[in-house]
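This report describes selected local features of the structure shown below. It covers backbone geometry, helix packing and model confidence.

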Amino acid sequence: MPLQPAKKALIEQHLGDPAALSAVFLGLCWNESNCASQAQIEIEKNEDLAAACERLDLGWNPGWLTESGFSVYDSDGTSLADGGSAHGPVRWAPAVRTHRLDDKVPDTATGHRKRRRIAGELAVLALWMQAVTERNVNVDRPVALDRNSRGTLFRDLLIHFLQCSLPQGWQVRHEVPLTHIRGLHMRRDVGDRKSDILIIDSGGRLVAALSSKWTWRSDRGTEAAQMVPLTRYRPDVPYAMATAEFPRAAGVARESIEDRTYHVCPDWVGSWMAVNELPAGSSPLTQWPDLAALKQEGMSRAHALGLNGLDALVKDLKNSGTIL
């Protein structure tokens, strides 16, 4: 199904702004989580959010949400910013909806595993919310989107992003039969396999092959079958990957068989990793008292891991024009 005009427009409106594009990609491919209700923490009478965070031993800082654009109310409907603190569960506006990031931790998890998952989802939600609020990104998040549809949508968004970002005359094509690639044509062992995404410059030169993977799994037979003939007959063509993987992001950076990997939101992955590694009993208020501290931690970790964003992918592809 062709990419809808409204989704194309969102990409076009925010070209050149990596944080806004991260919010667009993550928002349109939203993976609804069942843990959002965990944000409705119960406060005591005359207790503020920081004190509740310490008392409940939360793995996340409620201040991240209030800084990002959420408002919070006590059980009587009075804003906590106005001094409200009646006993009972708090209510957030807009309603909290978290993105399912870690498929390794089930909804039935308990103890520290549950704490980590909730904290990671709420941390990334705060970063996402801040991006859409500050940049006025109007993106409608789907409530139910199956894995296959999400992967296809990610690929189509990525293709449109690249087509809009690369020089005029360049082509971004997908599912091209490998037998249509010079060097692979007339090869008896290529078969009927197809590429994921190919980038071709204005002179008709194949610049790179790109794998689109919303998440990354250890079982990647399809990609391996695709890469074998490419690396054998066209070793001059770089093979890269774009992904939105969270729990395996460090492994992707270290062990991926592609020449280079690029991430939809590398800094947010870094923040998610930091929150996930917070030991049981440690306070997120001490580690990251505000959202700026969490963002800085994420940037540092992404840099240390060598996680590059989609802006780096565009830059690398454009620079191929200088390669002899």
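## Backbone geometry in the loops

Asn136 is exposed (over 50% relative accessible area, with under 20% counting as buried and the range in between as partly exposed; 1.4 Å probe, protein chains only), since its relative accessible area is 67%. This residue belongs to the loop between α5 and α6, where helices (H or I, at least four residues) and strands (E, at least two) are DSSP runs numbered from the N terminus. Although Asn136 is not a glycine, its phi is positive, near 55°.

Most residues other than glycine have a negative phi, and most peptide bonds are trans. The bond joining Ala93 and Pro94 is cis, with omega about -5°. Pro94 is located in the loop between β4 (91–93) and α5 (111–135).

## Basis and confidence of the model

The model is predicted: local features require pLDDT of at least 70 and side-chain atom pairs count only at pLDDT 80 or more, whereas totals for chains, interfaces and linings use all residues. Residues are numbered from 1 along each chain as its sequence is written, and side-chain values use heavy atoms, with hydrogens and water left out.

The average pLDDT (the predictor's confidence in each residue, from 0 to 100) of the chain is 91, and 96% of the residues score at least 70. Confidence is lowest in helix α7 (residues 221–233), with a mean of 69, and highest in α2, at 98.

## The two faces of α1

Helix α1 (residues 5–13) has Lys7, Leu10 and Ile11 buried. Viewed down the axis of α1, the buried residues fall within an arc of 95°, so they line one face of the helix; the arc is that of the directions from the helix axis to the C-beta atoms. Pro5, Ala6 and Gln13 are exposed on the face turned away from the buried side.

The buried residues of α1 pack against α2 (18–28) and α6 (147–165).

## Packing of α2 against α6

The axes of α2 and α6 are 10 Å apart, and the helices pack at an angle of about 155°. Axes are lines fitted to C-alpha atoms, for helices over the stretch in contact, and angles run from 0 to 180 degrees between N-to-C directions. The two helices are therefore roughly antiparallel, a term for angles over 145 degrees.

The contact (heavy atoms within 4.5 Å) is made by Leu21, Phe25 and Leu28 of α2 with Leu153, Phe154, Leu157, Leu158 and Phe161 of α6.

Conventions. Parallel < 35°, antiparallel > 145°, perpendicular 65-115°, else oblique.
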